[in-house]
Amino acid sequence: METAVQNNDEIEIDLVDLIRQIWRNKGIIILSALTLGLIVVLFGKLFLTPEFASTTKMYVLAKQENATPTNGDLQASTMLTKDYAELIKSRDVTETVISELGLNMTSEQLLDKMEISTPADTRVLAIKITDPDPYKAREIADAVRNVAAEHIQKVMNIEAVNVVEQANIPKNPQGPNVTKNGIVGALLGAIVAIAVVLVIYMTNDTIKTSDDVEKYLNLSTLGVIPLAEDEPKSKKRKIKKNKKRNGDAGLEIGRAH
């Protein structure tokens with residue numbers, strides 16, 4: 001009778017050997033990091049267009065009867081700031097700006113370039129416009145502020161919208177950050193290379209040493225036959241030929257007897 005023995009497969013991970021394996025492949029890991037980082041940098045410089053941001057700010061105050069604003073007026077203006085921001089992004093404002101400047105874009109495209117922000121506990125609205133052309137970004141920002149001020153006064157019955165800050169001409173692009181992207185790409189390249197090394201290490205079940213025989217097959221080794229790996233190939237071939245010739249000679253002798 002044949003008895004089948006089933007052993008549960010267990011994966012044992014030697015942390016020291018794992019770190020040693022990663023260290024052995026450090027050259028590949030560094031090369032992968034440098035390659036992917038360089039690819040990301042070149043892609044950013046060759047295919048991504050720098051974007052410049054111009055910001056203008058305006059101050060909105062609710063209509064009051066007296067010359068001096070009261071606390072109620074100030075609180076009402078603060079609560080209505082979000083409403084003002086939505087009015088700035090309305091289609092009436094965007095279409096008017098596009099018409100006045102003769103822009104070759106839609107309202108949705110202009111909104112993609114626009115960002116409205118409000119500092120906490122203030123009635124100041126900041127309008128930021130991004131564009132590949134810094135002068136065009138400033139022109140659009142000022143136009144949006146002027147058109148939005150008129151629209152807010154008309155819709156919300158606001159007494160005045162004051163300009164806090166004119167739009168600036170940006171000198172440096174706000175993005176893309178090629179250096180930062182390159183560093184991120186290099187880190188990703190290193191992580192991918194390490195992951196590949198770990199996968200190869202964990203899936204490699206070949207037996208290389210006598211310790212592996214005892215570890216994976218639960219067998220004891222009786223002896224180890226060393227292989228002369230440092231011998232020249234030509235010498236090995238001669239030895240094989242001599243063995244073959246000696247074997248043929250022995251066969252002839254056997255036939256002769």
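## A residue in strand β1

Let's start with Ala 53, which sits in strand β1 (residues 52–61); strands here are DSSP runs of E with at least two residues, helices are runs of H or I with at least four, and both are numbered from the N terminus. This is a predicted model, where local features need pLDDT of at least 70, side-chain atom pairs count only at pLDDT 80 or more, and totals for chains, interfaces and linings use all residues. Residues are numbered from 1 along each chain as its sequence is written, and side-chain values use heavy atoms, leaving out hydrogens and water.

Is Ala 53 buried or exposed? Its relative accessibility is 16%, so Ala 53 counts as buried (under 20% relative accessible area; exposed is over 50%, partly exposed in between, with a 1.4 Å probe and protein chains only). Leaving aside residues up to four places away in sequence, Ala 53 touches Lys 128, Ile 129, Thr 130, Asn 168, Pro 170 and Gln 174 (contact means heavy atoms within 4.5 Å). Lys 128 is 75 residues away along the chain, yet the two C-alpha atoms are separated by 6.4 Å.

## Helix α8

Now for helix α8, residues 178–203. With 26 residues at 1.5 Å a residue, α8 should span 38 Å, and its end C-alpha atoms are 37 Å apart, which agrees (the expected span is 1.5 Å times one less than the number of residues).

Buried residues of α8 are Val 178, Gly 182, Gly 185, Gly 189, Ala 190, Ala 193, Val 197 and Tyr 201. Their cover includes α1 (15–24) and α2 (26–47).

## Where α2 meets α8

Among the α2 residues meeting α8 are Ile 29, Ala 33 and Leu 36, while the α8 side includes Gly 185, Gly 189 and Ala 193.
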